[in-house]
Amino acid sequence: MLDGKAKFEEEIWEREGGGGGRTRILQNGSILEKGGVNFSAVHGQLPEVIKKSFGVEEDNFFATGVSIVIHPNHPHVPIIHMNIRYFELNEQIRWFGGGIDLTPHYIVDEDARFFHSELKNVCDQHHPDFYRDFKKWADDYFFIRHRDETRGIGGVFYDKLTPEKTGLSYEDIFRFSCDLGRRFAPVYTELVNRNRHRDFTAQEKEWQLLRRGRYVEFNLVYDAGTKFGLETNGRIESILMSLPAQANWFYDFKAAPDSPEQKTLDLLKKGIEWA
């Protein structure tokens with residue numbers, strides 16, 4: 001096991017209105033401070049606000065997915081997030097969504113290129129335009145507008161993927177989603193092992209907590225999955241499992257010129273070509 005110390009705690013839950021899921025949480029590990037894996041398969045009546053957002057009139061929905069978020073205790077090991085999901089109202093209205101994105105506290109060019117190259121390899125096996133389109137989608141989606149910065153270095157993100165939009169069958173889109181999900185563990189294992197034994201200072205730890213604060217801001221203000229879970233009466237503990245155990249906010253923080261912190265801020269931009 002990557003961590004070697006902490007063990008997952010499992011909770012089976014049911015959703016009022018239909019369905020349920022399984023949440024597994026790992027806490028206080030040797031390198032993984034908090035990790036969550038959430039599976040859900042829910043159904044029932046679609047709330048009016050979601051119907052309006054989707055532009056549909058039907059009520060009965062089914063949604064399932066797997067989401068993973070890991071917060072390390074080491075400032076040189078990145079935060080990672082993955083989500084693979086499926087939604088349907090009927091045979092005509094159904095789609096896949098998902099993606100993987102990386103949030104380093106300190107951006108390392110070599111690690112960023114490795115991460116994006118791995119995702120591009122998966123995308124290229126299924127469609128020549130997937131990486132280009134989904135990388136831009138991730139840049140636009142994982143953007144903290146009120147800070148004018150990206151949450152991290154992005155990755156790939158897609159939503160409401162259908163045969164009409166891709167030229168692929170539902171089975172092909174499902175296989176792509178599965179292949180993307182299977183890259184999560186080996187890619188993150190490599191990134192953790194590259195950086196887990198590096199020394200760090202108290203200042204670097206403080207910077208990590210500040211970057212976690214930005215992560216919290218995105219998830220609570222912009223994240224569509226969080227909004228969907230709250231608006232469909234989802235289980236609050238599972239919805240908010242993506243939040244770190246601890247985060248800080250410093251008033252009017254300014255990074256020192258030419259510092260590693262400033263270098264990272266300079267790279268929290270859309271459109272950087274890593275692969």
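A salt bridge here is a side-chain nitrogen of Lys or Arg within 4 Å of a carboxyl oxygen of Asp or Glu. Keep that in mind, as several stops on this tour use it.

Before you start clicking: this is a predicted model, in which local features need pLDDT of at least 70 and side-chain atom pairs count only at pLDDT 80 or more, while totals for chains, interfaces and linings use all residues. Residues are numbered from 1 along each chain as its sequence is written, and side-chain values use heavy atoms, with hydrogens and water left out.

**Stop 1: Arg183 and Glu118**

Select Arg183 and Glu118 and show their side chains. They meet in a salt bridge, 2.5 Å from N to O. Arg183 sits in the loop between α5 and α6 (184-195) and Glu118 in helix α2, so this pair ties together parts that are 65 residues apart in sequence. (Helices are DSSP runs of H or I with at least four residues, strands are runs of E with at least two, and both are numbered from the N terminus.)

Are these two buried or exposed? For that you need the cut-offs: buried means under 20% relative accessible area, exposed means over 50%, and partly exposed lies in between, using a 1.4 Å probe and protein chains only. Glu118 counts as buried at 17%, and Arg183 counts as partly exposed at 27%.

**Stop 2**

How are two packed helices described? By the angle between their axes and the distance between the axes. The axes are lines fitted to C-alpha atoms, for helices over the stretch in contact, and the angles run from 0 to 180 degrees between N-to-C directions.

For α2 and α5 the angle is about 160°, and the axes are 10 Å apart. That makes α2 roughly antiparallel to α5. (Under 35 degrees counts as roughly parallel, over 145 as roughly antiparallel, 65 to 115 as roughly perpendicular, and the rest as oblique.)

Now pick out the residues that touch, where contact means heavy atoms within 4.5 Å. From α2, select Leu119, Val122 and Cys123; they meet Phe176, Asp179 and Leu180 in α5. By class, this contact of α2 with α5 has 5 nonpolar, no polar and 1 charged residues. (Nonpolar covers Ala, Val, Leu, Ile, Met, Phe, Trp, Tyr, Cys and Pro; charged covers Asp, Glu, Lys and Arg; the others, Gly among them, are polar.)

**Stop 3: α5 against α6**

Click on Leu180, Gly181 and Arg182 in α5, which meet Phe184, Ala185 and Pro186 in α6. The residues of this contact divide into 4 nonpolar, 1 polar and 1 charged.

**Stop 4**

How many salt bridges does the structure hold? The total is 21.

Select Arg151 and Asp101 next. Their closest N and O atoms are 2.8 Å apart, and they form a salt bridge. Arg151 is in the loop between β8 (149-150) and β9 (154-161) and Asp101 is in strand β6 (residues 94-103), so the pair ties together parts that are 50 residues apart in sequence. Arg151 is buried, at 4% relative accessible area, and Asp101 is buried too, at 2%.

Then go to Asp140 and Lys270, whose side chains meet in a salt bridge (3.3 Å, N to O). Asp140 lies in helix α3 (residues 130-141) and Lys270 in the segment after α10 (260-266), so the pair ties together parts that are 130 residues apart in sequence. Asp140 is partly exposed at 36%, and Lys270 is partly exposed at 40%.

For a group of three, select Glu10, Arg22 and Arg24, which are linked in a network of salt bridges.

**Stop 5: three single residues**

Start with Ser40, in strand β3 (residues 32-45). Ser40 is buried, with a relative accessible area of 17%. Not counting residues up to four places away in sequence, Ser40 touches Trp13, Gly20, Gly21, Ala63, Thr64 and Gly65.

Move to Glu58, found in the loop between α1 (48-54) and β4 (60-72). What does Glu58 contact, leaving aside neighbours within four places in sequence? Leu46, Lys51, Leu89 and Asn90.

Finish at Phe253, in the loop between α9 (236-239) and α10. Phe253 is partly exposed, at 35%. Beyond its neighbours within four places in sequence, Phe253 is in contact with Trp207 and Leu210.
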